[in-house]
Amino acid sequence: MTQFTALVSSNTRIANGYMHLTFGWPQDVPDPTPGQFLTIRNTETTDPLLRRPFAISSFDGDSCSIIYQI
């Protein structure tokens, strides 16, 4: 498992109750492959204990995005 820190570049509403989150992808991290998931932790603490899994919706080499339901 590769861990890295990323900066969110946009978080926009795409439909009622759904958001599109885009964040930077570091150059030293391998590119994701089709069907791959990623887990996100939004804090440095252990609360919540488990990270949240998301499917990657797009990747362009410099940034990655996911779609999530509020």
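Me: How many aromatic pairs does the count come to?
Reply: The count comes to two aromatic pairs. Rings of Phe, Tyr and Trp (its six-membered ring) pair if their centres lie within 6.5 Å; planes under 30 degrees apart are stacked, over 60 edge-to-face, the rest tilted. This is a predicted model, where local features need pLDDT of at least 70, side-chain atom pairs count only at pLDDT 80 or more, and totals for chains, interfaces and linings use all residues. Residues are numbered from 1 along each chain as its sequence is written, and side-chain values use heavy atoms, with hydrogens and water left out.

Me: What kind of pair do F4 and W25 form?
Reply: F4 and W25 are edge-to-face, at 5.0 Å centre to centre with 65° between the planes. F4 sits in the segment before β1 (8-15) and W25 in the loop between β2 (18-24) and β3 (37-40), so this pair ties together parts 21 residues apart in sequence. Strands here are DSSP runs (E, at least two residues), numbered from the N terminus.

Me: Is W25 buried or exposed?
Reply: W25 is buried, at 9% relative accessibility. Buried means under 20% relative accessible area, exposed over 50%, and partly exposed in between (1.4 Å probe, protein chains only).

Me: And what about W25 and F59?
Reply: Their ring centres are 5.4 Å apart and the planes are at 75°, so W25 and F59 are edge-to-face. F59 is in strand β5 (residues 58-59), 34 residues from W25.

Me: Which residues do the ring pairs link into a cluster?
Reply: F4, W25 and F59. F4 is partly exposed at 33%, and F59 is partly exposed at 28%.

How values were computed. Helix = DSSP H or I, 4+ residues; strand = E, 2+ residues; numbered from the N terminus.
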